[in-house]
Amino acid sequence: MVNPNKYVYFIVLEFHWLAFILFLLTPDLSMLGYMKNNKIGSIIYNLFHTYTIPMLLIILSVAIHHTVLLLISLIWVAHIGMDRLFGYGLKYPTKFQDTHLERI
């Protein structure tokens, strides 16, 4: 049985599930930095795959009551968590496959 309390943010704040699906993979666009070189790629990728920025945005969005910013921040956190679940960690500047969790 599905617990309806899991979806409280999307129901109460009237977020659309299509937004979740569209924005879930958006942070992976940071991989485009690898087209320049491994060092630049790892810096840009890691910037978009650490919890610091989205957590600060969540605090800010709650403080100023900005629901769109909250939506983006929650999806961003979900993306990072999903990446960690599948073993994708922060990148070392050597190769894309070298992460802080394991070699992919």
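Reader: In which hand does helix 4 pass helix 5, left-handed or right-handed?

Author: This is a predicted model. In it, the crossing of helix 4 past helix 5 is left-handed.

Reader: What describes two packed helices?

Author: The general idea is that two packed helices are described by the angle between their axes and the distance between those axes. In this structure, helix 4, residues 52-64, packs with helix 5 at an angle of about 155 degrees, and their axes are 8 Å apart. An angle over 145 degrees counts as roughly antiparallel. Helix 4 and helix 5 are therefore roughly antiparallel to each other.

Reader: At what angle do helix 2 and helix 5 pack, and how far apart are their axes?

Author: For helix 2 and helix 5 the angle is about 50 degrees, with the axes 9 Å apart. That makes helix 2 oblique to helix 5. The crossing of this pair, helix 2 and helix 5, is right-handed.

Reader: How many helices and how many strands does the protein have?

Author: The secondary structure consists of five helices and zero strands. Read from the N terminus, the order of elements is α-α-α-α-α. As for burial, 30% of the 104 residues in the protein are buried.

Reader: Which residues make the nonpolar surface patch?

Author: The patch is made by Leu18, Ile21, Leu22, Phe23, Val68 and Ile72, and its area is about 560 Å². Helix 2 (17-24) and helix 5 (67-85) are the elements that each give two or more residues to this nonpolar patch. Helix 2 provides the largest share, four residues.

Reader: Where is Phe23 placed, and is Phe23 buried or partly exposed?

Author: Phe23 lies in helix 2. For such a question, one compares the relative accessibility with two cut-offs: under 20% is buried, over 50% is exposed, and values in between are partly exposed. Phe23 has a relative accessibility of 37%, so Phe23 counts as partly exposed.

Reader: Where is Thr26 found, and how does its accessibility count?

Author: Thr26 is located in the loop between helix 2 and helix 3 (38-48). Because its relative accessibility is 34%, Thr26 counts as partly exposed.

Reader: How far apart are Thr26 and Ile75, in sequence and in space?

Author: Two separations should be read here, one along the chain and one through space. Thr26 and Ile75 are separated by 49 residues in sequence, while their C-alpha atoms are 9.5 Å apart in space.

Note on methods: Residues are numbered from 1 along each chain as its sequence is written. This is a predicted model: local features need pLDDT of at least 70, side-chain atom pairs count only at pLDDT 80 or more; totals for chains, interfaces and linings use all residues. Side-chain values use heavy atoms; hydrogens and water are left out. Patches are made of residues with over 30% relative accessible area and no salt bridge: like charges are joined within 9 Å, nonpolar side chains (Val, Leu, Ile, Met, Phe, Trp, Tyr) within 5 Å. Accessible areas come from the Shrake-Rupley method with a 1.4 Å probe; for residues, only the protein chains shown count as cover. A salt bridge is a side-chain nitrogen of Lys or Arg within 4 Å of a carboxyl oxygen of Asp or Glu. Buried means under 20% relative accessible area, exposed over 50%, partly exposed in between (1.4 Å probe, protein chains only). Axes are lines fitted to C-alpha atoms, for helices over the stretch in contact, and angles run from 0 to 180 degrees between N-to-C directions. Angles under 35 degrees count as roughly parallel, over 145 as roughly antiparallel, 65 to 115 as roughly perpendicular and the rest as oblique. A crossing is left-handed if the near helix is turned anticlockwise from the far one by less than a right angle, and right-handed if clockwise.
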